Each structure stands twice: as structure tokens, then as C-alpha cells.
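Q: I have a structure open and want to go through a few spots in it. Can we start with a loop position?

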Amino acid sequence: MVALTSRAPRIMQPMSTQRSPRPPLVAAVPTLRRSLGMWWRRQSPARQDRFATLGPLLSVLLFLAAIISAFWYLRNEEIEREAESVKRDTEITQQQVGLRLIQNQEGLIRMARDLVARDIDTDEFVGQAAAFMRERPEMTHLTWVDGRRRVRASQWALLYPGAGAMPAPALPKEGSQSEPETTFRAARDTRTPAYSRAFVDGAGGPVFQLHVPLAERGGFAGTLVAEYSVEALVRHFVPADVAQRHTLSVVDENQTVLAATVTVLPGQKVRRAPIVSDAPLTPALNGLLLRGQGWRTSIGLVNNTLFWMVVALSVLTVWMLLGTWRHMRRRSQIQSALVQETNFRRAMENSMPTGMRAMDMEGRCTYVNAAFSLMTGYSSSELVGRLPPYPYWPPDRIEEHGRLLQQELNGRSPSGGIEVKVMRKEGTLFDARMYISPLIDPKGQQTGWMTSMTNITEAKRIRDQLSASHERFTTVLEGLDASVSVLSVQQGELLFANRSYRLWFGGDARGHQQLGGANAGSEFAAGTDEDVDNLSGLPAHALTETGANPREVYVEALQKWFDVRARYLQWTDGRLAQMLIATDITARLRAEEQTAAQAEKAQVTSRLVTMGEMASSVAHELNQPLTAITNYCNGMVSRVKADTIVKDDLVAALQKTARQAERAGQIIHRIRAFVKRSEPQRQAAQARQIVEDAVELAGIELRRRNVAIHTYVAQRLPSIMVDPILIEQVLMNLLKNSAEAIDSAQLVPARRHIELRVVPRHTPDEGGVIEFSVTDMGPGIKEEVIGRLYEAFFSTKAEGLGIGLALCRTIVESHRGRMRAQNLYNGAQVVGCRFAFTLPVELPIRTDPAASPIEAEIPNHSTAVPE
């Protein structure tokens, strides 16, 4: 504080009798005091208590902060003073060393001029060098080097440490990268004195050199080399008072200490000074720095005993104030908690639907809550203080309630509560359940009983309804004709079985496993030797969400077929279980077999009916080859009798007769193969061959009705898995219907033709299919008839049976195909009809990329109208 006051100039002012005005801060104190007083009076008592507690604490904290700030300020002031002292001593030492180096440099320049101006021999140079170095202990040697780096003369200092055996001086050598060589070249190039960087000489001491160039008649004649010892410079030219106050050292550009005023003992750890000041070594400016280091003289803030005493007292005061504050805060919290708990208990008692009743050891009612009064209809004033019998006891159950009360007072009430009838004030009854627990005072003694009462009328009604519903559900399950069983997945235990299951399989779980399939035994195994649950960790929720997967199972022991539907569910106890619903479908399967047999008979019947309808056409078709055979035979007989036939003519006539006989045989063979009754069998067939056989057989009827047919079949169609006879029957029926429609309409010859097309298709619903279509130019189908075309026994023909198209649709759908019919329009006029059906096919992988189903006309399948 003295240092601070000494720096500020003192200005003496004359004494004045007038009072000086008060500072603004002092003038504002009364106003601030009044504002604080008004703010304090506006605070609540709780806040005033809190602030009254926190006030001393804040005062102690502010006092402690002021003490720490004062110590901190004094410490920083001391550090600043020490830093200024170190900088000042470093600059003084820099000036003295620099002045010494400048004086030596000027003397060496004069000596260099004498060497060039006068012819001085080596002995005279040695004498001058010895005299020059006698007064300069900082030099180690002075050497004369010519322009070719040869040593002309050299003189070492008398007090040099290696004076007994002088080492070779560090001199420039041509081609080397040493400091003397670098400095020599710099002096030669600039023709000015040059200082070298610090290096270690032969004696191991840090030195640097000064090279003064010798200029003779404008040329370079060599240098005068003066070598300085860094340690000698520090030892002789650092003032003693400076060395006593601070540590001075010389460091190079690598921050390596070359010499210092303080000698570091071996093994001693050098501690870095907190205050450092650096100054360059002038006029050398060769990277050497003069570094001054200083330390604080006083003890630190942490080591100050007075400081720690103040801190300890402050902490003790703060601790006591915190204890008082915590005590008051806890007291306030306890009061708030007590008020909150009281309000909470009162609100809970008034809001909960459970009635609460307290009574003493004699059975006197001491307390009832609002819910109890609301249940019974009696107010608390009507119940508190009453002894049994209580007014809410039904008159016809007073004895029962008295017995239960006595049991309650004796402490023998069941833990699950007791169910009683309670009468309201208006006389209605309701069911209630009461739970009793003892009342214990703080000393651990029982003072009475607390009873909670719940209205269970609605719960009892729901429970009765659930029981009735369960009974009805069980009755329904028992009355089902289907078998219903539930099996535990983990334990393999039969959890439920209805009457049908017990009738067929008894109470054994093996029946469930038989219905579940071949893997049911392994799937529902109760456990293994290691008792490992193989289904643990399965997503039960995902299993229970999975729908039923129906399948048909045959049980050999019962000789029955069952339609089994299985799904997973979680049982009432949380276990994963499997439910099976098995329906006896033996009668249905037998009915389906009979239906299939009837359908087969209907197919054969349809083919026979078709041949019956074509009988006249077949007879006409057979009459032609038979007539030709008769004519050929009669002609040959006549010519043989007349002996006018040669052998070649006879052979030709016989061959023609044989061909006509073969033609008649083929017609009979095709008809016989078409109407022959055989088992339906599906095989790989070609659509082209089916079409050829159908057209050949239908051509008999078409020629009789003067109807032409044009057939188009796509090339390279894949094979289809069908029954060829059934598909041929469908085509025959469609072609015959088209021919009959054209003939009955008596159309002109230009419209008396049918088009049969077989092409591949691909639809999103069916995928790859082959489409067979029959298109005619007839009158079409009436709109009201299209919807009934496939009805059994419905026909638009007078002699029709109504089974043709229905049977055709059944055959197509049995092959997983579809059949449709539509009229062809030209504007609003019907110009024909088109029947089409599709058969699914799996296209094989084609190896030829150029192969594609190209639609082409079959030229040999066009039947013209005979004249």
C-alpha cells in the first residue's frame, strides 16, 4: 500500500472554510436506505425469515471475498515489482557486456589496420596480442589467419584453463560447415566484422568468435580471429549487486543455458523461475540471449497463516449459519408437509368411494368418512358415538351382524373380508364387503378397529352374469358336433375338451396330437431329459395373431375324415396353448365322390347325346365312302365278266376301294374314341392335336349344315396338363352350337363360317394361359339369356337338355380355367357371338431367344361349303 501511495503525486491544497460537497455515492445512501426499507416491508414473513438467515451468511461471504481480494492484489503488486527489477537488472547487464564487446571490436579493428599498413612479423603480433589480451580476461585466444585460411600467428590467454597444453584453436577450414568457417566467409564477403554462433571449443567450454577482416589494397588478406568465453563474460561483466539479487544466464537459440551466475550442483533439479526477462547479446546478435530470472521474496497466499486463520473463521461462521438455515428450512418443510398431508388425507377421504369407519375397543363408532355416510345415508353426527346395533343394520339380520361384530372385536375376522347386507336410511339394501384392521397408537397399543366398506352390488351382478355366460358358452361348446380341444404347448397337457372330443378320443391328449398332424408329438413334447423348454422365447403375441390353417386329416381308428383348424392362443394362466376344431367331413367327402361320379356319367352322356344329334350327319359321312366302295366293286365285277380289265386297272381300283374303306374306318374309330367311357386322366397334351381331332369330328356336322371353319393355332405353344377327350368335348360342343345357330338363322353364305383360334395370353389374375375361342357370325345371344347360359337344364333349343354349356364350364373350371361368352357388335347391332375359355400353363424356360408364339394360320384346316 505504501508503494501505491508513493507513486501518486501529492497536491497540496489551501485550507478552506467552506464545506466541500458530498460525493454522489454518499448522497445516494439515504435514498437507497429508504428504498430497501420499503422493499423489506413488502416481503412476506416467511421471506423475511429467510432473508434474515441469509443476511449474515452473505456478510461473511463478502468479508471472505474482500480478504482474498486484498491478498491477491498485494501478491500481484509484488510480482509486478519483481518483474520490473529483473528487467532492469537484465538491461544493465546487457549494456555492460555490449559496451565491452564494442570496445574490444574497435581495438581489434585498429590492430587489423596495423597488420595491413605495417609489415609486422609474427613475433611482434604475438607481443601485441599478449598485451591486448592481458586486460581482457573474457578472450581465450587471438589468431591471425591469412586469406587462404592459414594460421600466421596465435596467442592464447594466460589464464586459459588449458594453458599447460594448449589445444588447437577452432579455426576455419575450407569446405567444412563449422561455425568458424561460416563466420570467416561472412567476414570475407561483407568486409565487416562478423560474430559466430556459440559452439563448444576443445576444452569443452561454450565460446563464440569475432572475425575482423584484413583488407590490403582493396583485396581480402585474411581475418583477425578473437574467441570469447561465454562463462568469462558472465563472470566478469555481470555486476555483483545484480548477481546477488537475481540469476543472470546466457542461452542460445535452442534455449540451452551456456553460462549462469548460479552454478547448478550435480544431481540438483533446476526449478523454473516464475519471472523471466530476456535481452539479446549486443552487438553480436548471434542468437545468444541474456536471461534474467527472479522469484517472489514474500510467502504465497496459500502459505499465509493469517489468511488461513481468516478462512477458517469464515468457514466456521458459514457452517454455523448453514446449520441454522437448514434447521429453519427443515422446520418450514415439516410444517408445509404436515399441512399438505392433512389436506391430502382430508381430500382422499372425501373423494374415495370406499367407506371408512373407526370404533373403539367397546364397539363405539368414533369416526366415519363422507363415503360411508353417502353409502348408508346417515350423517356422521348420526353415527359417531353410537353403540351396536347400528342404524344401517337390517332388522332381520341384527343377530348375524352382532355375531360378525363380536368376531371382529375378538380379532378373528378373515383376511379376505366379510360380505354383509347393509340397509340405507330409506330402507333399500345393498351388498357390501368389509375389511377390518387394528388401530395402533404411537406407543404400540391397540386403541380400536378401522373398517373399510365397499359396495359390491354391481361387481356381484357382473360376476353372476359372467358365471351364467360361462355356463351358456360351455353348453354351446358341449353341444357342437365338432371336436374342440385345447392343448398346452409346453407341457402337452389337455386343458379343455368338449363332448364330441371325449366321445371320439376320450380324455387323452393323443387324440389332439393325431389331429394336429405327424409332427404334433415332437412339437408338443412335454420335455426332454434335460427338461428344456424348446418353445421359450417364441413371440406368443405373433403366434396368437396367426389365423387358422385348415387341413383334412384321416383318423384310421375311427375311419373318419376331419377338417381340422388350428390356432395358438394364450390360456387363462398365460401359458401358450393350441386350439383345434375338428369337424367330421366323412359324409361330405362321400357326397363329393358321388357328385364326381355323376359328373363323369354326365360327361359320357353328353358325348353320347352329341353323337345322337349328329347321327344323320355321321350316316351321311359314312354313306359317301360306302357308296364309292360299292361303285368300285360293281365296276370291277362288270369289267371282269366282260374280260375288259387289265391287271394295272384292277390294282388301281382295289387301292381306291381300300382307301375308301380306311376313311370309313377312321370315322368310326374317331366316334368310338370320343364316346368311349374311360377314367379321367390328365396328361401332357398339345393344343394343336386337340384342335385337329375336334375339327375332324365336328367337320361332319359342319359340312352337313354348309358351315365353313377357319382354324388359327399359335406356333410353339407349350404343353398343357389336361384330359384331351374332355377338352375335345368342350370344343365339339361349342362348334356344334355355333353351327346350329348359323343354320337356324339361315344366314347368307358370306356369314356361314366359324373361326377357331388358339393363342397364348398372360393376365394379372391367371398368369400364363392358353386361350381357346370360337367366333361365329350368327345372330348372337339375347342379353337376358347370357346370365343363365351355364344354368343346368336351361336351354333355348326346343329339343335341348340344357346340360351342354353347364358341363363345358364344369370341365374348364376343373382344369383351373375360366369360360366366358360375349356378343360381337357393329355399333349397336349384334353381328356374332364369341365363346372363349382359358387353360393355365407353366411356360418352360426357352433357350432360343428368337422363339416366340407367333400366330399362324393352319392351311389344311379350312373346310369349304360344298356345292
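Q: Where does Ser379 sit?
A: Ser379 is in the loop between helix H10 (370-376) and helix H11 (380-383). Helices here are DSSP runs of H or I with at least four residues, strands are runs of E with at least two, and both are numbered from the N terminus.

Q: What kind of model is this, and how are things numbered?
A: This is a predicted model, in which local features need pLDDT of at least 70 and side-chain atom pairs count only at pLDDT 80 or more, while totals for chains, interfaces and linings use all residues. Residues are numbered from 1 along each chain as its sequence is written, and side-chain values use heavy atoms, with hydrogens and water left out.

Q: Back to Ser379: buried, exposed or in between?
A: Ser379 is partly exposed, at a relative accessible area of 33%. Buried means under 20% relative accessible area, exposed over 50%, and partly exposed in between (1.4 Å probe, protein chains only).

Q: Which side chain does the Ser379 side chain have a polar contact with?
A: That of Ser381, at 3.1 Å. A polar contact is a pair of N or O atoms within 3.5 Å; within protein, one must be able to donate a hydrogen and the other to accept it, and residues adjacent in sequence count only if both atoms are side-chain atoms.

Q: New topic, H12. What is its span?
A: H12 covers residues 398-409, 12 residues, and reaches 16 Å from its first C-alpha to its last. That is close to the 16 Å expected at 1.5 Å a residue, the expected span being 1.5 Å times one less than the number of residues.

Q: Which residues of H12 are buried?
A: His401, Leu404, Leu405, Glu408 and Leu409. Seen down the axis, they fall within an arc of 140 degrees, so they line one face of H12. The arc is that of the directions from the helix axis to the C-beta atoms.

Q: What do they pack against?
A: Strands S11 (355-360), S13 (418-423), S14 (429-440) and S15 (446-455). Contact means heavy atoms within 4.5 Å.

Q: What is on the other side of H12?
A: Glu399 and Arg403, which are exposed there.

Q: And what follows the helix?
A: Gly411 follows H12, and its phi is positive, near 80 degrees.

Q: What about H5, which residues are buried there?
A: Phe125, Ala129, Phe132 and Met133 are the buried residues of H5. They cover an arc of only 90 degrees around the axis, which puts them on the same side of H5. The face turned away from that side carries the exposed residues Asp123 and Arg134.

Q: Thr93 next. Where is it, and what does it touch?
A: Thr93 is in helix H4 (residues 45-117). Thr93 is buried, with a relative accessible area of 0%. Not counting residues up to four places away in sequence, Thr93 touches Phe237, Val238, Pro239, Val242, Leu248 and Leu290.

Q: How many disulfides are there?
A: Zero, taking a disulfide as a pair of cysteine sulfur atoms within 2.5 Å. As for individual cysteines, Cys365 counts as buried at 4% relative accessibility, and Cys633 counts as partly exposed at 32%.

Q: Last one: what are the totals for the chain?
A: There are 24 helices and 28 strands, and 37% of the 867 residues count as buried.
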